Amino acid sequence: MPLPFARLLLAGTALLFASHLMAEPKRPECIAPASPGGGFDLTCKLAQSALVDAKLLSKPMRVTYMPGGVGAVAYNAVVAQRPADAGTLTAWSSGSLLNLAQGKFGRFDENAVKWLAAVGTSYGAIAVRNDSPYRTLDDLVKALKADPGKVVIGSGGTVGSQDWMQTALVARAAGIDPRNLRYVALEGGGEIATALLGGHIQVGSTDISDSMPHIQGGQMRVLAVFAEKRLEDPAMADIPTAREQGYDIVWPVVRGFYLGPKVSDADYAWWKQAFDTLLASDDFARLRDQRELFPFALTGAELDAYVKKQVADYRTLAREFGLIQ
Amino acid sequence: MDTLGYLGQGFGVAMTPYNLITALVGTLIGTVVGLLPGLGPINGVALLIPVAFALGLPPESALILLAAVYLGCEYGGRISSILLNIPGEASTVMTTLDGYPMARQGLGGVALSLSAWSSFIGAFIATCGMVLFAPLLARWAIAFGPAEYFVLMVFAIVALGGMAGDRPLKTFIAALLGLFLSTLGIDANSGVYRFTFGSIHVADGIQFVVLVLGLFSVSEILLLLEKTHHGQAAVKATGRMLFNLREAAGVFTVNLRCGLLGFALGVLPGAGATLASAVAYMTEKKLAGAGGRFGQGDPRGLAAPETAIGASACGAMVPMLTLGVPGSGTTAVMIGALTLYNITPGPLLFQNQPEIVWGLIASLFIANLMLIVLNVPMIRLFTRILAVPNWLLVPLIAIITAIGVYAVHATTFDLFLMVGIGVFGYILRKLDFPLSPLLLGFILGGLMEQNLRRALSISNGELSILWSGPITLGTWALVALMLALPLVRIARRRAQGRRVPAEA
Amino acid sequence: MLFQRLFSAGWLIACLAFAAIAWGYHAPFSYEPVGPRAFPLLMLGLMAVALAWQLLRPVPLRQAADEPPLDRAALLKVAGCIGLLLVYAGLFEPLGFIASSWLLGAAMARLYGGRWRAALSCSALLSVGLYLLFDKALDVPLPLGILGFLEI
C-alpha cells in the first residue's frame with residue numbers, strides 16, 4: 001500500500017515545516033458518551049478525521065466510549081476526574097443540554113465545563129408511511145384535535161427526550177395536553193423506521209438524517225422538518241418546514257465538543273483556533289455532509305452564550321410540560 | 001436467474017487474491033478480538049473501520065474485511081466460553097452449558113472443532129436463506145411490532161423453564177433476579193430512573209459486559225483459587241482435536257433445525273443471537289428428552305446454540321441490507337461504516353448497488369469457509385491455553401477481564417461493580433444457583449417489559465393487541481406446545497408404566 | 001445450611017427493601033396502564049415468595065464429586081483475592097494500567113502458587129504486553145497514570 005505511506009510522509013514533513021505558535025495538546029482524545037455506532041461516535045469520528053486531514057493534529061485523536069445517560073457519565077468524569085486534561089475533547093449534543101436542563105447530569109450544571117465548538121446540526125422531523133392519509137402537518141394536527149387517542153405516535157426516546165419534546169410541541173400547537181397523546185417510546189431512528197413501515201405506529205417523531213434513506217426509497221414521507229428554513233441538500237429541498245405551514249417549531253439537534261473546566265486558557269485558545277480554521281474549510285464541509293449533518297458553526301464565547309441560552313430555554317420548556325418543578 | 005448472476009458476480013469480486021487475503025486477515029483479527037472476554041464483534045468492527053478507511057480500501061474490500069472480522073469475532077467468543085467457562089458476550093452464555101463440561105472431560109479440542117463446524121452450517125443455511133429470500137425477509141422483519149416481540153419473549157422465558165433440571169426453585173430465583181436487574185436504570189417508557197440511588201453510573205442500568213464478566217470471570221477466578229489451594233487442575237488436557245464422523249452425524253439434524261431457527265430469529269432486528277441460541281438450546285433439550293445429557297457435555301447441547309449463533313449472525317445482515325435498520329449492535333456500527341463510503345443501506349441498495357450487496361453475501365460465504373479452514377489447525381494452539389499454569393493464567397484472566405470492563409465506560413466504577421457482582425456470583429455458585437438463567441433473564445427481561453408496555457401504549461391499554469395478529473397467535477401456540485411437551489412425556493411414561501406391570 | 005439460610009434471609013430483606021423503593025415510582029407522563037413500577041414489583045414479589053420458600057425448606061447442597069471442601073485457609077485466600085481485586089480497581093486510574101496490573105499480577109501469581117521471581121517478571125511482561133496489545137493494537141484507551149511522562 002504505497003498511498004497511505006506517502007500521505008503519512010507528507011503529513012510528517014508538513015508538520016516539520018509548519019511552525020505552530022503553540023504545541024498541540026498531548027494525547028488528544030475524544031470521548032464519545034455513548035456506545036460505538038451512535039451519533040456521538042459519529043461526531044468524534046468526524047472531528048478525528050477532519051483534524052488530521054486539515055493537518056491541525058499530527059496524529060488522529062483516540063476515541064473513548066463512555067456511554068451513560070446521554071452524556072451524564074462522561075460529563076461527570078470530565079469535571080471530576082480530568083478537569084485539567086487539555087487533550088480530552090468530549091462530544092455533546094442538544095440531547096445532552098436537554099438532560100442537563102432537567103437536572104439529569106448529577107450535581108453539575110451547564111457552567112461546569114468549557115464549551116468549545118458546535119460543528120454541525122440535524123433537525124427534528126415528523127415522518128409518516130407513504131400511504132398515510134396525512135399529507136401535511138395541518139392534516140395531522142386536525143386529526144389530533146379531533147381525537148388524540150386515534151393517532152399512534154412513535155418516537156426515538158423516552159419522556160423528556162428530544163423526540164418526545166418535539167412531539168409535545170406539536171401537541172401543544174394542536175392545543176392538546178401531551179398527556180393525552182397515544183405515544184410510544186422506541187429506541188432510535190432505526191426502530192421508528194421499522195415500526196412505521198410495519199404499520200405498528202402511524203406517525204414517527206424522528207430526525208431528518210435518520211429518515212432520508214427511506215424517503216429516497218419512497219416508503220416514507222416527511223410532513224415537516226423543524227428547521228428555520230428549507231434545507232439546501234437537493235434531496236431535501238422539497239421537504240416543507242413546520243414554520244412555512246404556520247407552526248413555529250424549530251428543533252435543531254446540534255453536535256459539538258466541550259473541554260474540562262480547568263483546561264488552561266492557552267490550550268482552550270489553541271482548540272478554538274483549530275476549530276475556527278476547520279469549520280471554515282471546504283474539506284470539512286464535505287466530511288460533514290457525508291455524515292448527514294447540516295452547517296452549524298459556533299465556537300468560543302458565542303457558543304458559550306448559545307449553550308447557556310439553550311439550556312435556559314429547555315428548562316422553561318421542561319417546566320411548562322411539568323417535567324421538572 | 002438474476003439472483004444467481006449477481007451472486008456469481010459477487011463471488012467474482014470476493015475471490016480476487018487481494019480480497020481473499022483481506023478476508024483471511026479479517027478472520028484472524030476477528031478471532032483474536034473475539035477471544036478476549038469483554039471485547040466482541042462491535043469492538044472488532046469499530047476498530048477496523050478507520051483502518052479500512054485509512055488504508056484506502058475500496059468499498060467491496062472494506063465490506064469483506066468487516067464481514068470477516070464480524071464472523072471471526074463471533075467465533076473467537078466461544079473459545080473462552082468452552083475452555084475457561086467465561087462467556088465473553090451474551091450469545092455465548094449457552095455455549096458454556098455443554099461446552100465447558102466437554103472441555104472438563106478432556107474433549108476441549110472436539111468441542112471447539114464441533115462448534116466451528118456447527119456455526120459453519122448455521123451460517124451456510126442463513127446465507128443461502130439470504131440469497132433466496134432477502135427481499136421477502138424484509139417483510140418478515142417489519143411484521144414484528146412490540147406485541148409480537150413481547151409474545152416472543154414470553155416464549156423464550158417459558159423455554160427457559162427447561163433449564164430448571166433438578167433444582168427448579170434456585171433456577172427460578174436466579175431467572176427472577178436477572179429479570180429484576182434488567183429494570184435498573186432509566187425506564188425507556190416513562191423516563192423514570194429506577195434503583196439508581198442518584199448515581200449517574202447506573203443511569204443506563206448495569207452493562208451486560210460488567211454483569212457477565214463479574215458473574216462468570218471473577219467467580220471463576222475465585223473458584224480456581226480454591227482448586228489451586230487443593231492442588232487440582234481445572235480442565236484436563238485434551239487429546240483428540242477433531243470431532244469424528246459419528247459425532248458430526250449425531251448433531252446433523254440439530255444443525256439443520258437450529259440453523260433455520262437461528263436464521264428466522266436473527267432476521268428480527270433487536271432479537272438477535274442471544275435469543276436464538278437460548279431458544280435453540282431449550283428446544284433441543286426438550287426434543288432430546290431423557291435421552292440427552294444436556295448440561296453435562298452433550299454434543300447436541302453445544303451444537304444447538306452454536307448453529308443458531310452462526311445463523312443469526314448472518315441473519316442480522318438482512319434488516320441492515322434490506323431496510324437500512326441495524327439488526328444488532330454490530331450492524332449498527334457497520335451502517336456507520338457504509339455511510340462513510342457513501343453507501344446508504346436500505347431498500348434502494350438492492351436496486352442501485354447490487355454489486356455491493358451480493359459482494360457482501362459472497363464474502364460471508366467465503367469468510368465462513370475461511371474461518372473453518374483457518375481455525376481447525378489453530379485449535380491445537382488454543383487448547384494450549386489449558387497447559388498454562390494457574391499462577392500465570394489467572395492473573396492474565398483477571399487483567400483482561402478488567403480491561404474488558406473498563407473498555408465499556410472508561411470509568412473505574414464498573415471495576416468495583418464487577419468485583420461486587422463477582423463476589424455475589426461466587427456465593428451463588430457455592431450455593432448451587434445456576435448463573436445462566438440469571439443472564440438470560442437479564443437480557444430477555446428488558447425486552448419483555450419494554451415491549452409489553454410499548455404494545456399497550458400503542459393499543460391505548462387494550463390487552464387484545466397481544467393476541468390479535470397471526471404471528472402473536474402462532475407464537476402463543478408455540479408457548480402452549482412448549483408447556484405441554486413435558487406433560488405429554490409424563491403421560492406417555494405413565495402409559496408405559498401401566499403397560500409394564502400388565503406384561504409382567 | 002446455616003449460611004444458605006442466612007444468605008436467603010439477607011436476600012429476602014434486600015428484596016423487600018427494593019420493593020419499598022419501587023412502590024414510590026410513578027411517571028409524570030404515562031401512556032400505558034402498566035407504568036414503571038409494576039414489572040419490578042412483580043419480579044421482586046415472586047422472588048420474595050421463592051426466597052421465603054427457600055428459607056423455610058432449603059434444598060441440601062449437592063457436593064460435586066471433584067469439589068474440595070471449603071476450609072479456613074482457602075476462605076482466607078479467597079478473601080485476600082477479593083481484597084486484591086478491589087485494590088486493583090482503586091489503583092487502576094491513579095497508578096495507571098501498567099503499574100497497577102504489575103502489582104496485581106505479581107500478587108495474584110503469588111496467591112496461586114507462583115514463585116516470587118517468576119511472579120514479578122511474568123506479570124511485568126504481561127502488563128506491558130497487554131498494554132501494547134489493547135492500547136496500541138486494539139485501540140482500547142487505557143490510563144497511563146504515573147507512567148504518563150513516557151508518552152510525548
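In chain C, 59% of the contacts with a separation of 6 or more are made by residues 24 or more positions apart, a contact being heavy atoms within 4.5 Å. The model is a predicted one, in which local features need pLDDT of at least 70, side-chain atom pairs count only at pLDDT 80 or more, and totals for chains, interfaces and linings use all residues. Residues are numbered from 1 along each chain as its sequence is written, chains are lettered from A and ligands numbered from 1 in the order in which they are written, and side-chain values use heavy atoms, with hydrogens and water left out.

Chain C is built from five helices and zero strands, which reads as α-α-α-α-α along the sequence; helices (H or I, at least four residues) and strands (E, at least two) are DSSP runs, numbered from the N terminus. Its radius of gyration is 24 Å, whereas a compact globule of 152 residues would come out near 15 Å. That radius is taken over C-alpha atoms, and the globule rule is 2.2 Å times the number of residues to the power 0.38. The C-alpha trace of chain C spans about 60 × 50 × 20 Å along its principal axes. Of its 152 residues, 41% are buried, where buried means under 20% relative accessible area, exposed over 50%, and partly exposed in between (1.4 Å probe, protein chains only). Carbon and sulfur atoms own 74% of the roughly 8,000 Å² of accessible surface on chain C; such areas come from the Shrake-Rupley method with a 1.4 Å probe, and for residues only the protein chains shown count as cover. As for charge, chain C carries 10 positive and 8 negative side chains, with the centres of the two sets 15 Å apart. Here Lys and Arg count as positive and Asp and Glu as negative, while His and the chain ends are not counted; each charge is placed at NZ of Lys, CZ of Arg, CG of Asp or CD of Glu.

The C-alpha trace of chain A covers about 70 × 45 × 30 Å along its principal axes. Buried positions account for 60% of the 325 residues in chain A. When contacts between residues at least 6 apart in sequence are taken, 79% of those in chain A join residues at least 24 apart. The accessible surface of chain A is about 12,800 Å², with 54% of it on carbon and sulfur atoms. Chain A has 33 positive and 34 negative charges, and their mean positions sit 4 Å apart.

The largest nonpolar core holds 306 residues, and the members touching the most others are A:Tyr75, A:Trp115, A:Trp164, A:Ile208, C:Met47, C:Phe97 and C:Phe134. A core of this kind is a set of buried Ala, Val, Leu, Ile, Met, Phe, Trp, Tyr and Cys residues joined through side-chain atoms within 4.5 Å. Helix H5 (residues 93–143) of chain B is the top contributor, giving 18 residues to this core. Beyond its neighbours within four places in sequence, A:Tyr75 has contacts that include A:Leu100, A:Phe105, A:Phe108, A:Trp115 and A:Tyr258. Another core, of 33 residues, lies apart from it, with A:Val63, A:Tyr65, A:Leu278 and A:Phe284 among its members.

Also in chain A, helix H7 (residues 188–197) is mostly covered, with seven of its 10 residues buried. Among them are A:Ile192, A:Leu196 and A:Leu197. After H7(A) comes A:Gly199, with a positive phi near 75 degrees. Over in strand S3 (residues 88–93) of chain A sits A:Ser93, buried at a relative accessible area of 3%. Leaving out residues up to four places away in sequence, A:Ser93 touches A:Phe40, A:Gln162, A:Val254 and A:Arg255. A:Pro252 is 159 residues from A:Ser93 along the chain, and their C-alpha atoms are separated by 9.8 Å.

With residues up to four places away not counted, B:Pro305 touches B:Met94, B:Thr95, B:Ser277 and B:Tyr281, while B:Glu306 touches B:Arg78, B:Thr95, B:Ser115, B:Ser118 and B:Ser119.
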